[in-house]
Amino acid sequence: MSTALIIILVLAFFIFMSSFFTVKQQSSVVIERFGKFHSVRNSGLQLKIPIVDRLAGRVNLKIQQLDVIIETKTKDNVFIKMKVSVQFKVIQEKVYDAFYKLEYPHDQITAYVFDVVRAEVPKLKLDDVFERKDDIAIAVKRELNEAMTTYGYDIINTLVTDIDPDIQVKNAMNRINAADREKTAAEFEAESSRIRIVAKAKAEAESKRLQGQGIADQRREIARGLVESVEVLNNVGINSQEASALIVVTQHYDTLQAIGADANSNLILLPNSPQAGSDMLNNMVASFTASNQVGEMMKKNNKKIEKPKPIQPQSGYEDDIQPETKE
């Protein structure tokens, strides 16, 4: 066998083997014949004409995710950064459109996301952006579906995964939240104090009512006991006046006994008749007057005892003084 034949057989083998190719699951291959689109091959073992057909490219049919970070401002002029995650895939029946009509799908999707977010967010205040982020995501998905379906792409879902205001804005929001919580805590504390004060006042009122009722019952029982005592004394021949005087004297000595039984008592008993008060006042005035008089006499005696001392002339001073002579 000649060398040329061997070379021809080897080339024929490689050409034959290059006619077969495989396509992975969840992907498609675009076949071109002489530079023109010929067909789309799906997963499995496929056959093409060597030299005539070529693999133009592979298209991924899996769900892909693109994260887009956008900086925009709200209606109240607060700049925020939003992260929008777009989940999309190529429609299997429109692989031709996805491969030939759109060259950079990620850039196209990013542009639409920027356009929709910067149109929707400036209509909302900062607090509304957090509350209505789902509405923003729905608006982005609706706009993308209308635009990308033409190019063979299906938008599965769009999610606003992050809203990041400026650090100073976040600190201000935290302070507002903290102040609001402190206000609520102060209101609860004030309400708790009010409840305690009201409960204490009600308890004191009930205590005073019961105390007054006890004093009234005590006085009623004392009066009843006095009546019974007077009736007993009348039965033994003592009239009402004598009985009253006896009861008063008895209570007086009972009071003295009760005071004397307390070792730590600092009570001072004074005469309680009207004349006794006047006499005590006069005695105090007389005592003050006598004290003043004694003080004046002591001052006078001290002045008499202290006599002034004569001034002694210095030595030799008298000899120098000569009486004046008249001419």
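At 69% relative accessibility, F34 counts as exposed, because the cut-off for that label is over 50%. Keep in mind as we go that this is a predicted model. F34 sits in the loop that links β2 (27–33) and β3 (36–41), and its backbone deserves a look too: phi is positive, about 55°, although F34 is not a glycine. For context, most residues other than glycine have a negative phi.

I51, which is not a glycine either, has a positive phi near 70°. I51 belongs to the loop between β4 (44–47) and β5. Is I51 buried or exposed? With a relative accessible area of 78%, I51 is exposed.

In soluble globular proteins, nonpolar side chains tend to be buried together. Here the largest nonpolar core has 34 residues, and the members that touch the most others are V113, V117 and I136. Several elements each supply at least two residues of this core: the strands β6 (64–73), β7 and β8 (153–165), together with the helices α2, α3, α4 (126–131) and α5 (133–148). Which residues does V117 contact, once its neighbours within four places in sequence are left aside? They are I70, T72, M82, V84, P122, I136 and V140. One of these partners, I136, is itself among the core members with the most touches.

Next comes the empty space. Rolling a probe the size of a water molecule over the atoms shows where such space is left. The largest pocket has a volume of about 180 Å³. It is lined by 13 residues, of which V59, V90, A98, P105 and Y153 are the closest to its centre. Two or more lining residues come from each of β5 (53–60), β7 (79–90), α2 (95–100) and α3 (105–120). β5 gives the largest share, three residues. Sorted by class, the lining holds eight nonpolar, three polar and two charged residues.

I91 is found between β7 and α2. Beyond its neighbours within four places in sequence, I91 is in contact with G152, Y153 and D154. How far apart are I91 and D154, in sequence and in space? In sequence they are separated by 63 residues, while their C-alpha atoms are 6.2 Å apart. Y153, a contact of I91, is also one of the residues closest to the centre of the largest pocket.

Definitions and conventions: Residues are numbered from 1 along each chain as its sequence is written. This is a predicted model: local features need pLDDT of at least 70, side-chain atom pairs count only at pLDDT 80 or more; totals for chains, interfaces and linings use all residues. Side-chain values use heavy atoms; hydrogens and water are left out. On a 1 Å grid over the protein atoms alone, a cavity is a set of points where a 1.4 Å probe fits but cannot get out, and a pocket is an open set with protein on both sides within 12 Å along at least five of seven lines; lining residues have an atom within 4 Å of a point. Grid points are joined across faces, edges and corners, and a volume is the space filled by probe spheres set on the points. Helices (H or I, at least four residues) and strands (E, at least two) are DSSP runs, numbered from the N terminus. Ala, Val, Leu, Ile, Met, Phe, Trp, Tyr, Cys and Pro count as nonpolar, Asp, Glu, Lys and Arg as charged, and the others, Gly among them, as polar. A nonpolar core is a set of buried Ala, Val, Leu, Ile, Met, Phe, Trp, Tyr and Cys residues joined through side-chain atoms within 4.5 Å. Buried means under 20% relative accessible area, exposed over 50%, partly exposed in between (1.4 Å probe, protein chains only). Contact means heavy atoms within 4.5 Å.
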